[in-house]
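Visitor: I have a structure open and would like to learn how to read its features. Could you walk me through it?

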Amino acid sequence: MKKRGRLEIIKDILRTIQDNRNSIKHTPLLRKSNISTTKFKEYFKELIEKGFVKEIIGNSGQKTIALTQKGFDFLERYKTIVNFIEEFEL
Amino acid sequence: MAGQPMHLLLQGVEIELLYSFVIIVCSLMIYYSTKEMYELSLYKGIKYFRQAFLLFAVAYFFRSFIKLMLVYFGTSRIIDINPRFMGSITLFIFMFFGSLAVFYLVYSLMWKKWNEKSTIILGTFYLISILISFIIITTRQIEVFFGVSIFLFAIAVFGMYLVDRESKNKKKKSNIHIIYTLLFIFWILNMIEILIPNMFQFYQILLYLSSLGIFLIILYKVLKKSGSY
């Protein structure tokens with residue numbers, strides 16, 4: 001199986017959130033991301049810092065993760081970014 | 001140059017300014033049309049690619065500045081400009097940014113291979129660019145100018161050769177490498193044209209049109225692939 005690159009992992013995490021009606025808890029997201037817990041923590045921290053995802057605390061006090069507008073923008077532009085990288089061999 | 005009528009000199013300046021202006025606009029368009037992609041992805045390859053064209057824009061700005069100074073001071077050689085430090089500083093900036101632009105573009109292709117040593121490699125590129133610029137402003141020999149140009153071109157081509165060697169998709173990779181090789185060749189010819197006046201007197205327009213063509217091709221590819229076109 002081909003090893004996923006950084007951009008692809010980010011896309012997969014964001015896509016998982018989107019596919020779950022833009023609301024998912026930490027544990028199922030970690031499971032579906034298919035990466036180690038350590039790596040997931042790193043990526044999640046990066047996604048929060050970049051403003052791609054946000055944590056929402058529900059009425060019951062449970063934390064869920066949702067995409068921000070920037071996260072949606074990234075998913076929309078992902079294919080273009082990958083094509084650009086391939087075209088210019090970056 | 002001093003013997004030429006003023007209206008011919010000004011006509012030359014107009015062409016020079018137009019030429020530099022178009023290349024600066026192309027470079028800045030490449031830089032800004034990839035801004036969103038970089039901000040979303042923070043991908044290093046895109047970062048180095050953008051920086052290369054920003055540096056080209058700065059280098060071509062100083063190129064046109066040098067040409068204007070030559071007309072203003074009525075000389076054909078930048079080292080003859082008086083006060084001397086003015087010519088030397090401008091030439092240093094032009095050489096420094098131009099060389100660095102070439103290095104950044106090559107590094108955008110090979111950064112993955114040496115990502116962990118990026119600080120050392122980029123530091124070396126800055127150092128070589130400073131060294132090249134220093135040699136150029138302190139030397140007045142044509143042989144040295146040619147030597148520096150060949151050295152710069154050799155580094156660029158060697159970098160691309162290393163990337164090409166590991167490439168899996170040979171056909172596709174050669175396309176962009178041909179464009180980059182032409183870009184480097186025409187950049188170096190532009191550099192030589194500043195260092196050795198009247199070198200391409202009869203082929204100057206051809207040189208300018210070819211350089212413009214390369215920048216326009218890259219701009220077209222960037223706009224098309226970035227979704228701005």
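Visitor: How many cavities of 30 Å³ or more does a search of the whole structure find?

Guide: Rolling a probe the size of a water molecule over the atoms shows where empty space is left. In this predicted model, the search finds one cavity of 30 Å³ or more. The largest cavity holds about 40 Å³ of space.

Visitor: Which residues line the largest cavity?

Guide: Its lining consists of Arg77(B), Ile78(B), Ile79(B), Leu91(B), Phe145(B) and Leu195(B). Sorted by class, that gives five nonpolar, no polar and one charged residues.

Visitor: Let's turn to chain A. Which elements does chain A have, from the N terminus on?

Guide: The order is α-α-α-β-β-α, with four helices and two strands in chain A. The C-alpha trace of chain A spans about 50 × 25 × 20 Å along its principal axes. Of the 90 residues in chain A, 41% are buried.

Visitor: And at what angle do the axes of helix α1 and helix α3 of chain A cross?

Guide: The axes of α1(A), residues 6-19, and α3(A), residues 37-50, cross at roughly 75° and come within 11 Å. Angles of 65 to 115 degrees count as roughly perpendicular, so α1(A) is roughly perpendicular to α3(A). On the α1(A) side, the contact is made by Arg6(A), Ile9(A), Ile10(A), Ile13(A) and Leu14(A); α3(A) contributes Tyr43(A), Glu46(A), Leu47(A) and Lys50(A).

Visitor: How do the residues of that contact divide by class?

Guide: The contact of α1(A) with α3(A) has six nonpolar, no polar and three charged residues.

How values were computed: Residues are numbered from 1 along each chain as its sequence is written. Chains are lettered from A and ligands numbered from 1 in the order in which they are written. This is a predicted model: local features need pLDDT of at least 70, side-chain atom pairs count only at pLDDT 80 or more; totals for chains, interfaces and linings use all residues. Side-chain values use heavy atoms; hydrogens and water are left out. On a 1 Å grid over the protein atoms alone, a cavity is a set of points where a 1.4 Å probe fits but cannot get out, and a pocket is an open set with protein on both sides within 12 Å along at least five of seven lines; lining residues have an atom within 4 Å of a point. Grid points are joined across faces, edges and corners, and a volume is the space filled by probe spheres set on the points. Ala, Val, Leu, Ile, Met, Phe, Trp, Tyr, Cys and Pro count as nonpolar, Asp, Glu, Lys and Arg as charged, and the others, Gly among them, as polar. Axes are lines fitted to C-alpha atoms, for helices over the stretch in contact, and angles run from 0 to 180 degrees between N-to-C directions. Angles under 35 degrees count as roughly parallel, over 145 as roughly antiparallel, 65 to 115 as roughly perpendicular and the rest as oblique. Contact means heavy atoms within 4.5 Å. Buried means under 20% relative accessible area, exposed over 50%, partly exposed in between (1.4 Å probe, protein chains only).
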